[in-house]
Amino acid sequence: MSKPREDRTMPSFNVRFIKTVCDDMGHEHRACQAAFKVDAASLGAAAQQAETDFCKQKSVRDWTVFADVIELRTPPALQADMGRLA
């Protein structure tokens, strides 16, 4: 007898592309250039998908033209699972 198939949905990741900019007084500020919600099997896959989406949206080959860093936030349930694995 076969096991019942578990219904596994991919977790969603919130991804933001951030650029640090200076104002006219020389103070640095973090500016969000784009934000995506990405469904992916892992954090790395989410980052890769978001990079592809960002480049398509901006019509560039390299996302670093518009942003300095990528922020990835995992869903709270996935964070809890990762904590148990550590």
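Tutor: In this predicted model, a residue counts as buried under 20% relative accessible area, as exposed over 50%, and as partly exposed in between.

Student: Why is Lys19 called partly exposed?

Tutor: Lys19 has a relative accessibility of 24%, and because that value lies between the cut-offs of 20% and 50%, Lys19 counts as partly exposed.

Student: What makes the pair of Asp68 and Lys19 a salt bridge?

Tutor: The closest N and O atoms of Asp68 and Lys19 are 3.5 Å apart, and the definition asks for a side-chain nitrogen of Lys or Arg within 4 Å of a carboxyl oxygen of Asp or Glu, so the pair qualifies. The two partners come from distant parts of the chain, Asp68 from the loop between α1 and β3 and Lys19 from strand β1, 49 residues apart.

Student: How do you know whether Glu71 is buried or exposed?

Tutor: Glu71, which sits in strand β3, has a relative accessible area of 17%; since buried means under 20%, Glu71 is buried.

Student: Which residue does Glu71 meet at 1.9 Å, N to O, and why is that called a salt bridge?

Tutor: The partner is Arg30 in strand β2, 41 residues apart from Glu71, and because 1.9 Å is within the 4 Å cut-off, their side chains form a salt bridge. Arg30 itself is exposed, because its relative accessible area of 51% is over 50%.

Student: What joins Arg16, Arg30, Glu71 and Arg73 into one network?

Tutor: Glu71 also forms a salt bridge with Arg73, with the closest N and O atoms 3.7 Å apart, and salt bridges that share partners join these residues into one network.

Technical notes
Residues numbered from 1 in each chain as written. Predicted model: local features only at pLDDT ≥ 70, side-chain atom pairs only at ≥ 80, totals over all residues. Heavy atoms only, no water. Helix = DSSP H or I, 4+ residues; strand = E, 2+ residues; numbered from the N terminus. Buried < 20%, exposed > 50% of the residue type's maximum accessible area, 1.4 Å probe, protein only.
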